[in-house]
Amino acid sequence: MKITSLRRFGAAATMAAVSLATVFASVTVVADTTKPLLFKIVTVKDDVIVAVPPDEAGAPRPEAAAIGQALAAKGALTLWQYATRKAADGALEMAPRAKISVLAHDSLRVEPYTPAVRVVPVP
């Protein structure tokens, strides 16, 4: 009888831990909605860090596959270019530099980019 009780307790504890992890992950996702997702556009010659403009009509979802599909379908996209700069407090940050047009190309690749510094939201 004790073994069955311990198994039930272990299963309940595991379910509680999974539920808590899901809640914390949801809160983290909600908290990061103002932080833009960055992507690296890689070509044969160079690469550029970009973000999808928020709330712009016709802008693709901020996912690598969606950006690639939109480029293939439209031929060009307007995105925000990001670059590293020093903030007022002296720390490094990724900030929007300029709006650029990215043209579709056969050897172009879109990758998610996770910076090691804080990211300034798109204006």
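This note sets out numbered points on the fold, the cores, the pockets and selected residues of the structure.

1. Basis of the note. The model is a predicted one, in which local features need pLDDT of at least 70 and side-chain atom pairs count only at pLDDT 80 or more, while totals for chains, interfaces and linings use all residues. Residues are numbered from 1 along each chain as its sequence is written, and side-chain values use heavy atoms, with hydrogens and water left out.

2. Overall fold. The chain contains two helices and six strands. Their order, starting at the N terminus, is α-β-β-α-β-β-β-β. Helices (H or I, at least four residues) and strands (E, at least two) are DSSP runs, numbered from the N terminus.

3. Burial and surface. Of the 123 residues in the chain, 26% are buried; buried means under 20% relative accessible area, exposed over 50%, and partly exposed in between (1.4 Å probe, protein chains only). The chain has an accessible surface of about 8600 Å², and carbon and sulfur atoms account for 61% of that area. Accessible areas come from the Shrake-Rupley method with a 1.4 Å probe, and for residues only the protein chains shown count as cover.

4. Contacts along the chain. When contacts between residues at least 6 apart in sequence are considered, 59% join residues at least 24 apart. A contact means heavy atoms within 4.5 Å.

5. The largest core. The largest nonpolar core has 13 residues, and Ile-41 and Ile-67 are those with the most contacts inside it. Strand 1 (38–42), strand 2 (47–51), helix 2 (64–74) and strand 3 each give two or more residues to this core. Helix 2 provides the largest share, three residues. A nonpolar core is a set of buried Ala, Val, Leu, Ile, Met, Phe, Trp, Tyr and Cys residues joined through side-chain atoms within 4.5 Å.

6. Ile-41 and the second core. Not counting residues up to four places away in sequence, Ile-41 touches Asp-46, Asp-47, Val-48, Val-50, Val-102, Leu-108, Arg-109 and Val-110. A second, separate core has eight residues, including Leu-38, Ile-49, Tyr-82 and Val-122.

7. The largest pocket. The volume of the largest pocket is about 270 Å³. Its lining has 16 residues, of which Pro-36, Val-52, Pro-53, Pro-54 and Pro-62 lie nearest its centre. By class, the lining comprises ten nonpolar, two polar and four charged residues. Here Ala, Val, Leu, Ile, Met, Phe, Trp, Tyr, Cys and Pro count as nonpolar, Asp, Glu, Lys and Arg as charged, and the others, Gly among them, as polar. On a 1 Å grid over the protein atoms alone, a pocket is an open set of points where a 1.4 Å probe fits, with protein on both sides within 12 Å along at least five of seven lines, and lining residues have an atom within 4 Å of a point. Grid points are joined across faces, edges and corners, and a volume is the space filled by probe spheres set on the points.

8. The second largest pocket. This pocket holds about 190 Å³ of space. Ten residues line the second largest pocket, and Lys-35, Pro-36, Leu-37, Leu-38 and Tyr-113 are the closest to its centre. At least two residues of the lining come from each of strand 1 and strand 5 (109–113). The lining divides into seven nonpolar, one polar and two charged residues.

9. Gln-81 and Ile-100. Gln-81 lies in strand 3 (residues 76–86) and counts as buried because its relative accessibility is 16%. Beyond residues up to four places away in sequence, Gln-81 touches Val-48, Ile-49, Val-50, Ala-95, Pro-96, Arg-97, Ala-98 and Ile-100. Ile-100 belongs to strand 4; its C-alpha atom is 6.1 Å from that of Trp-80, a residue 20 places apart in sequence. Among the contacts of Ile-100 outside four places in sequence are Val-48, Val-50, Leu-77 and Gln-81.

10. Two partly exposed alanines. Ala-91 is in the loop between strand 3 and strand 4 (92–103), and at 30% relative accessibility Ala-91 counts as partly exposed. Apart from neighbours within four places in sequence, Ala-64 is in contact with Phe-39, Val-110 and Pro-112.
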